[in-house]
Amino acid sequence: MSFTFLCAAFLVFHAYFGYPISLFLIGLVRQRSVARQDYFPSVSLIITVFNEEKRIREKIENTLSILYPEGKLEILFVSDGSTDRTDSLVSEYHDRGITLLPVSERRGKEHAQREAVAQAKGDLLVFTDVATMLEPGGLVRIVSNFADPTVGCVSGEDRLIGADGTTGGEGLYVRYEMWLRRLETKAHSLVGSSGSFFAARREVCRDFTGDMQSDFRTVLNSVRMGLRAINDSGALGYYKDVSDSKKEFDRKVRTVLRGLTVFLRNLEFLNPSNYGFFSYQYFCHKLLRWLVPIFLISAFVSNGFLVDGGRFYLTTFLLQVMFYGYGVSMSLFAGSSRALGTLGKIPVYFITVNASILVAWWKYIKGERIVMWKPSER
């Protein structure tokens, strides 16, 4: 039991802290810079939408504010079988350079993106969504990274905006993820990019399928081609916090389930003889993180059997009980997470994330796969 507890605790620590520390140390020894410079190839900006009549105008106006050399930017709104007024609203902007690509049968976000990729004319493809607002110079910034021939895919950086203007538990988690991506970029390559704002070379964007995340798969395609994926902390995408905690939980389950689908179909990347340091990253950032709930349960149960084994085990067990008890009670009785203070949001979000991972594993084992996508209400 002692061995089980210590191993489980170490693996949880390594998943969240040991891995970033190792990236930091690697970055000190062999920091990989990006040869970013002014670079203006032809670009196709692809925005996938489904029944977005309430906020489509805001996204279109935001897109039209983007700065890029005239004649080199193609803007494609691909509608994944929308049944409301989305298509007609997008069509109103045809004279201002907005192209609508309607997909008659709804088959999922990645299928719609594949349709757009087939018709896009740009040398670089940039993907975003309706919920994400971009800065006017954001496109020039993200494209500048492709002046470096070793770069195959670039992820923008997420900025979460709470309804009350404050940073919640998810905001802290997003900041942790962005910090981790910066470390990965300096050490070697990203393992996953932001689905709300990312860019890739045309040749990297292939084989999109409905049940596999395009952002994750694009990173893997880059690595397979001998390129790397990077994060650009200056290419920002702003989006609002999910308005409903139940919908937020469901979104996390969908994200992990889709991630598991991609990961387990690409186990070849765990072979260090073929992919070197990226195999370590692939294991730690994805599989090890998704196994944390199992480690947490193992640590708690084994620690429970060890409470009579000395002050150390009694203390660690009580700390776990306090952490989980506080997080669960705040989740059940504090209502919306926005009503919680920062201390309350961290354990609530930690428990929510790992509970969603458990649910995703269960769904995956049962054979469930997600093809259809519905934007979260924010």
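**Close-up views of a predicted model**

**View 1. A salt bridge joins D148 and R228.** D148 and R228 form a salt bridge in which the closest N and O atoms are 3.4 Å apart, the term standing for a side-chain nitrogen of Lys or Arg within 4 Å of a carboxyl oxygen of Asp or Glu. The pair links distant parts of the chain, with D148 in the loop between α5 (138-144) and β6 (151-161) and R228 in strand β8 (residues 228-240), 80 residues apart. Helices (H or I, at least four residues) and strands (E, at least two) are DSSP runs, numbered from the N terminus. Both D148 and R228 are buried, where buried means under 20% relative accessible area, exposed over 50%, and partly exposed in between (1.4 Å probe, protein chains only). The model is predicted, so that local features need pLDDT of at least 70 and side-chain atom pairs count only at pLDDT 80 or more, while totals for chains, interfaces and linings use all residues. Residues are numbered from 1 along each chain as its sequence is written, and side-chain values use heavy atoms, with hydrogens and water left out.

View 2. E92 is partly exposed at 49% relative accessibility, and R57 is partly exposed at 37%.

**View 3. F40 and Y68 form one of the 22 aromatic pairs that the structure holds.** Rings of Phe, Tyr and Trp (its six-membered ring) pair if their centres lie within 6.5 Å, and planes under 30 degrees apart count as stacked, over 60 as edge-to-face and the rest as tilted. The pair of F40 and Y68 is edge-to-face, with 5.9 Å from centre to centre and 65° between the planes. F40 lies in the loop between α1 (2-30) and β1 (43-49), and Y68 in the loop between α2 (56-64) and β2 (73-80), 28 residues apart. F40 is partly exposed, with a relative accessible area of 33%, whereas Y68 is buried, with 13%.

**View 4. F263 and W290 form an edge-to-face aromatic pair.** The ring centres are 5.9 Å apart, and the angle between the planes is 85°. F263 lies in helix α8 (residues 245-264) and W290 in helix α10 (residues 277-290), so the pair ties together parts that are 27 residues apart in sequence. F263 is buried at 1% relative accessibility, and W290 is buried with a relative accessible area of 7%.

**View 5. An open sheet of 8 strands has mixed pairing.** The strand order is β3-β2-β1-β4-β7-β6-β8-β5, two strands being paired if DSSP finds at least two bridges between them. The edge strands, β3 (98-103) and β5 (133-134), each pair on one side only. Strands β1 and β2 run parallel and are joined by 7 bridges.
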